[in-house]
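Dear colleague,

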2 protein chains.
Amino acid sequence: MSSSDLTISDRIQRKLDELTRAERQLAHSILENYPASGLGPLTALAKGANVSAPTVARMVQKLGYKGYPEFQAELREELKAKAKNPIAKHDAWAEGAPSGHMLNRFTDAVIENIRQTLGQIDPDQFDTACQMVAEPRSRVYIVGGRITHTLAEYLFLHMQVIRPEVVHIQSTSNGWPHYLLDVKEGDVFVIFDLRRYENNTLKLAEMAHKKGAKLILFTDQWRSPVDRLTDITFSGRIVVPSAWDSNVTSLLLIESMISTVQNLCWGDTKDRAEALEDMFDQTMLFRKFT
Amino acid sequence: MSSSDLTISDRIQRKLDELTRAERQLAHSILENYPASGLGPLTALAKGANVSAPTVARMVQKLGYKGYPEFQAELREELKAKAKNPIAKHDAWAEGAPSGHMLNRFTDAVIENIRQTLGQIDPDQFDTACQMVAEPRSRVYIVGGRITHTLAEYLFLHMQVIRPEVVHIQSTSNGWPHYLLDVKEGDVFVIFDLRRYENNTLKLAEMAHKKGAKLILFTDQWRSPVDRLTDITFSGRIVVPSAWDSNVTSLLLIESMISTVQNLCWGDTKDRAEALEDMFDQTMLFRKFT
DNA sequence: AGGGAGGTGAAAAAAATCTTTCAGAATTTT
DNA sequence: AAAATTCTGAAAGATTTTTTTCACCTCCCT
């Protein structure tokens, strides 16, 4: 809202006394299904209220707008603000920092990214992808690029514990063609390709596809060209106030997938985790958690 | 909704694959402030999405409407229907998934983690840490453990572009004692140690500390034993409905730090600046403007 | 009842919005 | 590497929407 913090609905009700008969009739019609009716064409609104078009134009001016379009624009603003509101109630995430502080701006962006991304994900596809990754008969190849190989490795490190036959390939390394020799039909590729999209990753995906492997892609909202080849694609939002893109939403999806796959593999995982734990204990890599 | 029970939002998402690049860009713009932006004039929508007016006209036709006005009319119908129905969903992140679905439970937990973590961070400490990492006279060592070395590498890959003299050490590798020979007073260590805390990381931190290096630690809410030695500690919440811990908050902090450090280092080395500019272009301009 | 002030809507004028066309650009296929 | 296909946006044309004008109507007051 530009000028005041009043909604248009409030404004109308406040001015109700100063309005003429036809205008009051119109006002009630607007409030009847607010704000939808006010967002349509002026003539439709007039007709719906059984008044003439000029009456609408005049009332809108009485309310303080220059014309009907301006009135509509404010209605849309109001709607926009309302849609964002339930989530964006936090004006500052890091208390004690000005709201313009990088931490707050960045967190705002990330939360919005998460909200948008999750809103567009098809839960069935997510479940299907998890089942594919959990399938014990398939080998799972995890592929990342220059930056994203860190995400790939993160997934790999967990999957390695959860199930056997997991391989991590880095598309930027020159050793990857080697791995493709072993790929058999039904194997699963989990591919990370966020902009800038990498040629090597695309080539690798194509070859895997040709071999009959199933492809799961993690990409951004603009979608890597690999998208054409995949069985399932997850596109996350990555925009943050930075010269770089954010991979937070990707990590969120990865971790959710890890958790879901682990539940699917539970029986196997238990044994494997225990075995691994023993190994680590013996090598004294970890301190015991007290 | 007149014909089917699908919302326009659903329809758009369903058709997303059949759309062209510009159209997809537009689609995302519509979903961004849904439904407000779709209720404005066609030209404004086109401008907001950085596409031309005809693209909008074509896409709505692809979606099955006779023209833009018809599309808007349906949007308004949808809005009207939603207003009548007092309690719409909106408590679920992934619409269409039951609120008990892993995606929703996980996202809830992550958002809560972010909220809690950011609430406890001291912005001044954050700024100080960023300045330390940006300091050109210090060498920066980035250290991670078995899982967390992926986070460390993520930070490293970005820092590497932003400033010289950055080193990535993996505490689980047996080569790390080598690196410590070169450490001089005033060098900076960024250490990742989330549970389960690793003995090697602690040892490495102790030796670095003894050499007069400054320590920045990323850990969890229970805090790694390294905490005693550090100048600055960031503790993130990591609890999620999973057998594993979440590193999303850590990544959020890392990315914020990257962005802040980059701002501080702006215009350091000429080559570096040019390289950055180049990358910036490639990152930001995903399509050409004419 | 007659005069006047303000209210109202039909119709025309003005403005904007939407659609179509077409040529150039980008992409894919051969 | 060249050809064909598809995509895209500028500009013009078509349509709709909004505003203005103006005559008529109603209601109130003397």
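The notes below take up a sheet, a pair of helices and a single residue in turn.

Please keep in mind throughout that this is a predicted model.

I begin with the sheet in chain A, which is open, has 5 strands in the order E2-E1-E3-E4-E5, and shows parallel pairing. Strand E2 (166–170) and strand E5 (232–236) of chain A each have a single partner strand and stand at the edges, so one side of each is left without a neighbour in the sheet. From one strand to the next, the twist averages 15 degrees. Helix H8 of chain A, which covers residues 149–162, packs on this sheet and touches strands E1 (140–144), E2 and E3 of chain A, while its direction makes about 170 degrees with that of E2(A).

Strand E3 (residues 188–192) of chain A is joined by 5 bridges to strand E4 (residues 214–220) of chain A, the two running parallel, and here Phe189(A) stands opposite Leu215(A) in E4(A). E1(A) and E2(A) likewise run parallel and are joined by 5 bridges, with Val140(A) standing opposite Val166(A) in E2(A).

E1(A) deserves a separate word, because 5 of its 5 residues are buried, so that this strand is largely enclosed by the rest of the structure.

H1(A) passes H2(A) in a left-handed crossing. In the contact, Ser9(A), Ile12(A) and Gln13(A) in H1(A) meet Ala27(A), Ile30(A) and Leu31(A) in H2(A), and by class these comprise 4 nonpolar, 2 polar and no charged residues.

Finally, in chain B, is Leu26(B) buried or exposed? Leu26(B), which is found in helix H2 (residues 21–32) of that chain, has a relative accessible area of 0% and is therefore buried, the limit for that term being under 20%. Leaving aside residues up to four places away in sequence, Leu26(B) touches Leu45(B), Ala49(B), Val51(B), Thr55(B), Val56(B) and Met59(B). Met59(B) lies 33 residues from Leu26(B) along the chain, and their C-alpha atoms are separated by 8.6 Å.

With kind regards

Technical notes: Residues are numbered from 1 along each chain as its sequence is written. Chains are lettered from A and ligands numbered from 1 in the order in which they are written. This is a predicted model: local features need pLDDT of at least 70, side-chain atom pairs count only at pLDDT 80 or more; totals for chains, interfaces and linings use all residues. Side-chain values use heavy atoms; hydrogens and water are left out. Two strands pair if DSSP finds at least two bridges between them. Helices (H or I, at least four residues) and strands (E, at least two) are DSSP runs, numbered from the N terminus. Axes are lines fitted to C-alpha atoms, for helices over the stretch in contact, and angles run from 0 to 180 degrees between N-to-C directions. Contact means heavy atoms within 4.5 Å. A crossing is left-handed if the near helix is turned anticlockwise from the far one by less than a right angle, and right-handed if clockwise. Ala, Val, Leu, Ile, Met, Phe, Trp, Tyr, Cys and Pro count as nonpolar, Asp, Glu, Lys and Arg as charged, and the others, Gly among them, as polar. Buried means under 20% relative accessible area, exposed over 50%, partly exposed in between (1.4 Å probe, protein chains only).
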